[in-house]
Amino acid sequence: MNKYGEKLVLLFILATAAMVNGADLSALLKDREIFKTNSRTFIGKYADGKFKWNDRDKTEMVSRQPGSSLKLFGMPTCSTIVRLTDNKVSAIDISIYNRGDARQISQSDFYKILADVKQQLNVAYDVKGTGNPYKRLAGSKIFSMTWKTPEQTAMLEWSTSGRLRSEFKAEFIRLKITASGSSAAGPQLRSGIKSSEELIKRIQRKPDGSIYLELPMVDQGQKAYCAASSVERVLRYYGSDVSQHLIAELFGTSSAAGSSPEKLLEALKKADVKLGVKVQTYDCGFEMNSYSQFKKFLRDYNKAARKLKDRQISENDIRRNPRIIFNMMRSPAFVYMRKKNRGDFNKFQRAIHTNINEGIPVFWGMIYGLMKEQQQVPGIGGHLRVITGYNDRKKEIIYTDTWGAGHEFKSMKIENAWAVTIGIFTLKPRTKR
């Protein structure tokens, strides 16, 4: 055996030993049987308590910061997702760096990490990676390289933002590993839905009257990525392979403050053609963006308060203490006021029924903390969820959150859901009827 061959063997032995100890993922690159491995074997051989199930159907395992010590070639990682099809490993998605889970890094540090990963992949696969044409999506550029062996295809993707050197922002470095020849091996930005009939066939029904859709789970982690993660879930449902980190780049999402609704819709409208979807908004939410809207809100609220014999609030009360608005929004009078708006409520209900009956999930911008929920969220604030179904017998909507296993199927009375709705919109695949 020559020195180069000895180096490869030594690398594999060291990587395998590290992986057994729950430290390094590079052993997966040399495992020729990895995509024939079932979940139990993978957990026993590699997981070592470092992964948890990401959904109740056990189709994904995830390991992420904080709490994950997994590394790749000795470098820390942000998250690793192992996807399974028919209980066999079908894809391994490693976030080597993303600005949502990790601190912002300099341009030189970003490209040093990237160069080190490329070099290590050249050695691990004993083949030099091939550069791919970059893809452009709503002003963002996604660069990639591919490594192929008879057993595996590895695709490294990365992106940065900022036109000037002084504006540089590291966005993400992602490594996706699949079985060679797999349909999931190449990058897929565009929706894979070819006809509306495909979506109608996905509609699920329960004996209790629930009509709903099942979406892949995406866990936003500790960051304020509810919008980016929700959009990833719906795009993956349509067959697109777009990560929450690319979506966060498009939206200008902050890991602490989340996404602006205006920027979110603007970015989606710029990218929708390449994503193979069309944005549709519905005018049936709660807005208070102007003085006239504020005056109407106060007038309607006090009318409801009088009806319920609750305290009425004056404009001067709010000037003295603006936070009183949050107390108003927690009150029975606010819910009563919203429920009395039957015209917009009917639009809301009709939009949900129409879309779910076509196999289309509905994005739901709402105010959490106002209603009692099955899994109560502390505090009060804006949030994006996905409505995935309804139950007319129970007068409920069915929705899901981007918080991992246990948050796939939740319900709320539709009148309560309407009362806390800011707005709804959909992404519809561009299909031939």
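Colleague: What does the side chain of Thr-421 reach at 2.7 Å?

Modeller: In this predicted model, the side chain of Thr-421 reaches the backbone oxygen of Ala-417.

Colleague: Why is Thr-421 called buried?

Modeller: Buried means under 20% relative accessible area. Thr-421 has 0% relative accessibility, so Thr-421 counts as buried. Thr-421 is found in strand β18. Leaving out residues up to four places away in sequence, Thr-421 touches Gly-285, Phe-286, Arg-338, Phe-348, Trp-364, Gly-365 and Met-366.

Colleague: Which residues of helix α11 are buried, and what do they pack against?

Modeller: Helix α11 covers residues 332–340, and its buried residues are Ala-333, Phe-334, Val-335, Met-337 and Arg-338. They pack against α8 (291–307), α10 (324–329), α13 (414–419) and β18 (421–429). Residues three or four places apart in an α-helix point the same way, because there are 3.6 residues a turn.

Colleague: What makes Lys-428 buried or exposed?

Modeller: Its relative accessible area is 18%. The cut-off for buried is under 20%, so Lys-428 is buried. Lys-428 also lies in strand β18.

Colleague: Which residues is Lys-428 in contact with, leaving aside its neighbours within four places in sequence?

Modeller: Those residues are Tyr-238, Gly-276, Val-277, Lys-278, Gln-280, Tyr-282, Asn-355, Glu-358 and Ile-360. With Asn-355, the link is a polar contact between the two side chains, at 3.4 Å. That value is within the 3.5 Å limit. For a sense of how the chain folds back, take Ile-193: Lys-428 and Ile-193 are 235 residues apart in sequence and 9.9 Å apart in space, C-alpha to C-alpha.

Colleague: Why are β1 and β7 said to stand at the edges?

Modeller: Start with the open sheet, where 8 strands follow the order β1-β2-β5-β6-β10-β9-β8-β7 with antiparallel pairing. β1 (52–53) and β7 (130–137) each have a single partner strand, so one side of each is left without a neighbour in the sheet.

Colleague: How do you know that β2 and β5 pair?

Modeller: Two strands pair if there are at least two bridges between them. Strand β2 (residues 60–64) is joined to strand β5 (residues 79–85) by 5 bridges, so the pair qualifies, and the two run antiparallel. One example is Val-62, whose bridge partner in β5 is Ile-81.

Colleague: What makes strand β10 mostly covered, and which strands pair with β10?

Modeller: In β10 (residues 169–179), 9 of its 11 residues are buried. Strand β6 (residues 88–98) pairs with β10 over 7 bridges, in the antiparallel sense. The bridge partner of Asn-98 in β10 is Phe-172. Strand β9 (residues 152–161) pairs with β10 over 10 bridges, also antiparallel. There, Thr-160 stands opposite Ala-170 in β10.

Colleague: How many cavities of 30 Å³ or more does the structure hold, and what lines the largest cavity?

Modeller: The structure holds 4 such cavities. The largest cavity has about 70 Å³ of space. It is lined by 12 residues, and Ile-142, Glu-157, Leu-189, Asp-241 and Leu-246 are the closest to its centre. The lining divides into 6 nonpolar, 2 polar and 4 charged residues.

Note on methods: Residues numbered from 1 in each chain as written. Predicted model: local features only at pLDDT ≥ 70, side-chain atom pairs only at ≥ 80, totals over all residues. Heavy atoms only, no water. 1 Å grid on protein atoms, 1.4 Å probe; cavity = no way out; pocket = protein on both sides within 12 Å on 5 of 7 lines; lining within 4 Å. Points joined across faces, edges and corners; volume = space filled by probe spheres on them. Nonpolar A, V, L, I, M, F, W, Y, C, P; charged D, E, K, R; others polar. Buried < 20%, exposed > 50% of the residue type's maximum accessible area, 1.4 Å probe, protein only. Helix = DSSP H or I, 4+ residues; strand = E, 2+ residues; numbered from the N terminus. Contact = heavy atoms within 4.5 Å. Polar contact = N/O pair within 3.5 Å; in protein donor to acceptor, adjacent residues only side chain to side chain.
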